[in-house]
Amino acid sequence: MNSSLDSTAALLGSSPLLELRGLNHHYGGGLLASPRRQILKDIDLTLYAGEIVALVGESGSGKSTLLKVLARLTQPSSGRIFWKGQDLLTLESSRASLSYRGQVQMVFQDPFASLNPFHTIAYTLKRPLLRQGLATTPAALEARSLELLEAVGLAPAKEYLHKHPHQLSGGQRQRVAIARALTVAPNLVLADEPVSMLDVSIRIGVLNLLDDLRRSRGISVLFVTHDLASARYLADRIVVLYRGEIVEQGPSEEILRAPRHAYTKLLLTAAHHIERPRPQRGS
């Protein structure tokens with residue numbers, strides 16, 4: 001897949017959606033006097049509107065910590081985060097910071113754990129719509145929920161609306177999780193290993209869905225994975241994270257055709273090629 005949004009030059013000529021500059025994060029030290037461990041080291045990263053960037057690295061490389069920083073669940077030790085040109089870390093209590101939190105959504109690795117098993121799919125989708133005031137009447141809530149389910153390939157949507165998560169397959173649950181992220185019309189989705197717990201055939205359908213949403217809605221995706229095969233299939237650019245540092249980044253085909261860093265070469269030897277069959281709706 002890994003198209004470069006029709007024109008890499010056009011992308012680079014546009015204003016970045018998200019910029020990280022010299023981002024660092026460490027644990028320990030301070031009053032607890034525990035050993036200080038640096039998790040992220042001088043991270044510089046740029047993401048453009050409508051772009052899919054794969055953040056690739058093994059467990060412990062700092063991928064999840066970086067996502068927590070971007071989701072504003074963890075405060076970085078130092079560095080700067082720019083969102084649409086505004087420095088979020090100097091505007092923490094401002095309207096700009098609150099707006100950021102509404103425009104950035106996460107999709108988690110485990111689709112079953114991320115959905116409350118006691119609530120129906122209807123409740124899962126209607127709750128954020130109500131809280132954000134995006135739909136208020138019962139008719140509007142149901143119509144918007146059905147629209148979201150259709151958008152993620154769960155059709156006919158009425159068959160899913162009143163089910164519970166345990167009544168769905170893993171791929172269907174992940175599609176519901178993506179639909180929930182779409183309720184607030186985000187500009188950026190932080191996808192944390194969203195297909196790693198799915199079978200290969202179902203995995204491809206979810207990857208295709210993320211690409212379709214990018215194309216139809218202009219959503220940017222930061223796709224976190226340990227698998228270069230998935231990154232190759234989906235992403236416009238690949239960023240390789242090793243021991244908390246970005247060791248290589250660039251257009252996907254360029255990185256995979258001629259990797260420069262030894263760690264990238266090691267990851268590439270472990271990757272298997274993913275074919276692109278036509279995805280089944282609702283899988």
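The buried residues of helix 11 are covered by elements that include strand 3 (52–56), helix 9 (228–234), strand 9 (237–242), strand 10 (245–251) and helix 10 (252–257), where helices (H or I, at least four residues) and strands (E, at least two) are DSSP runs numbered from the N terminus. The model is predicted, so that local features need pLDDT of at least 70 and side-chain atom pairs count only at pLDDT 80 or more, while totals for chains, interfaces and linings use all residues. Residues are numbered from 1 along each chain as its sequence is written, and side-chain values use heavy atoms, with hydrogens and water left out.

**The chain as a whole**

- The protein chain holds eleven helices and ten strands.
- Of its 283 residues, 51% are buried, the term meaning under 20% relative accessible area, with exposed meaning over 50% and partly exposed in between (1.4 Å probe, protein chains only).
- When contacts between residues at least 6 apart in sequence are considered, 70% of them join residues at least 24 apart, a contact being defined by heavy atoms within 4.5 Å.

**Helix 11 and threonine 264**

- Tyr263, Thr264 and Leu267 are the buried residues of helix 11.
- Viewed down the axis of helix 11, these buried residues fall within an arc of 100° and so line one face of the helix, the arc being that of the directions from the helix axis to the C-beta atoms.
- Ala262, Leu266 and Thr269 are exposed on the other side of helix 11.
- Threonine 264, which is placed in helix 11 (residues 262–270), counts as buried because its relative accessibility is 1%.
- Beyond its neighbours within four places in sequence, threonine 264 is in contact with Leu228, Val240, Glu248, Ile255 and Pro259.

- Strand 9 and strand 10 run antiparallel and are joined by six bridges, where two strands pair if DSSP finds at least two bridges between them.
- Within this pairing, valine 239 has glutamine 249 in strand 10 as its bridge partner.
- The hairpin formed by strand 9 and strand 10 has two residues between the strands, and arginine 243 in the turn has a positive phi of about 50°.
- Strand 4 (residues 78–83) and strand 5 (residues 86–87) also run antiparallel, joined by two bridges, and the bridge partner of tryptophan 83 in strand 5 is glutamine 86.
- Two residues lie between strand 4 and strand 5 in their hairpin, where lysine 84 takes a positive phi near 55°.

**Valine 176 in helix 7**

- Valine 176 lies in helix 7 and is buried, with a relative accessible area of 0%.
- Not counting residues up to four places away in sequence, valine 176 touches Leu115, Ile121, Leu125, Leu149, Leu154 and Leu168.
- Although valine 176 and proline 111 are 65 residues apart in sequence, their C-alpha atoms are 8.3 Å apart in space.

**The largest pocket**

- The largest pocket contains about 790 Å³ of space; on a 1 Å grid over the protein atoms alone, a pocket is an open set of points with protein on both sides within 12 Å along at least five of seven lines, a cavity is a set of points where a 1.4 Å probe fits but cannot get out, and lining residues have an atom within 4 Å of a point.
- Volumes are the space filled by probe spheres set on the grid points, which are joined across faces, edges and corners.
- Its lining consists of 24 residues, of which Gln105, Arg127, Pro128, Arg131 and Arg180 lie nearest the centre of the pocket.
- Helix 3 (95–103), strand 6 (104–107), helix 4 (121–131) and helix 7 are the elements that give two or more residues to this lining, and helix 4 provides the largest share, five residues.
- The lining of the largest pocket has eleven nonpolar, eight polar and five charged residues, with Ala, Val, Leu, Ile, Met, Phe, Trp, Tyr, Cys and Pro counted as nonpolar, Asp, Glu, Lys and Arg as charged, and the others, Gly among them, as polar.

**Enclosed cavities**

- Two cavities of 30 Å³ or more are found in a search of the whole structure, and the largest cavity holds about 60 Å³ of space.
- Helix 7 (170–182) and helix 8 (200–217) each supply at least two residues of the lining of the largest cavity, which by class has nine nonpolar, no polar and one charged residues.
- The second largest cavity holds about 30 Å³ and is lined by Leu18, Leu45, Thr46, Leu47, Val53 and Leu222, with strand 2 (residues 34–47) giving the most, three residues.
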